[in-house]
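Me: I've got a chain up on the screen and some questions about how its pieces are arranged. Can we go through it together?

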Amino acid sequence: MISPDKKYSEEELRRTWLQDFLMKNKSKKNENQIILLKDLLNLINANDPKFRVFMKQQISKYHKAEKQNQFNRELIRRLKIQNSKLLKQLEKMKIERRQSKAIVKDLTEQANSLTKFNRTLAEALGACPVCWGNNTDCKSCSGNGSPGWVKPIRKLFNLYVLPVWQHSIGKSVGSG
Ligand SMILES: [Zn+2]
């Protein structure tokens, strides 16, 4: 430790200061280093002008470094917040995308199922599966494809149409 009462040679002062400085600042922050440097500067009280200039430069450097560190810490803090927000948004979008995919898959399955059933029913009734006779521009039937347009497929007719007929008129219409 530098003593204010002792007279040091320049070399002794530098060495003592350095040892002192390193020992005291193993785990301290810049703020503490600045205080220590100021204290040391007061202790040696400009006995050595070169040393004093050196100390002032060091203090200035530490101030600048601390300012930059503060700025960096704030920048990092803000970037972390932004990053966290972006990650949350990304997670939300991933979930939404999965949900959208599931909805599209479900709708596609439903559409396929309805298309298939439409064709089956049209074949059971001998109707045009494209327009059921409702479109004069239909390439398949030119608007003539209402039920009975072609011969129904018997197996499908018996399965889907016959039971309804039997129920509504209360009697069999034969199996021919
Ligand atoms: Zn048609």
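**The bent helix and its partner**

Me: How far apart are the end C-alpha atoms of α4, which has 16 residues?
Reply: A straight helix would reach 22 Å at 1.5 Å a residue (the expected span is 1.5 Å times one less than the number of residues). Helices here are DSSP runs of H or I, at least four residues, numbered from the N terminus. α4 falls short of that, with its ends only 20 Å apart.

Me: Before we go on, what sort of model is this?
Reply: Residues are numbered from 1 along each chain as its sequence is written. Local features need pLDDT of at least 70, side-chain atom pairs count only at pLDDT 80 or more, and totals for chains, interfaces and linings use all residues, as the model is predicted.

Me: Where in α4 does the kink lie?
Reply: The bend is the angle between axes fitted to the seven residues ending at a residue and the seven starting there. The kink is about 45°.

Me: How do α3 and α4 lie relative to each other, parallel or perpendicular?
Reply: Their axes (lines fitted to C-alpha atoms over the stretch in contact, with angles from 0 to 180 degrees between N-to-C directions) are 8 Å apart, at an angle of about 100°. Angles of 65 to 115 degrees count as roughly perpendicular. So α3 and α4 are roughly perpendicular.

Me: How many residues of α4 are buried?
Reply: Buried takes 20 or more other C-beta atoms, placed from the backbone, within 10 Å of a residue's own. α4 is hardly covered, and its count is zero.

Technical notes
Helices (H or I, at least four residues) and strands (E, at least two) are DSSP runs, numbered from the N terminus. Angles under 35 degrees count as roughly parallel, over 145 as roughly antiparallel, 65 to 115 as roughly perpendicular and the rest as oblique. A residue is buried if 20 or more other C-beta atoms lie within 10 Å of its own, exposed if 12 or fewer, and partly exposed in between; C-beta atoms are placed from the backbone.
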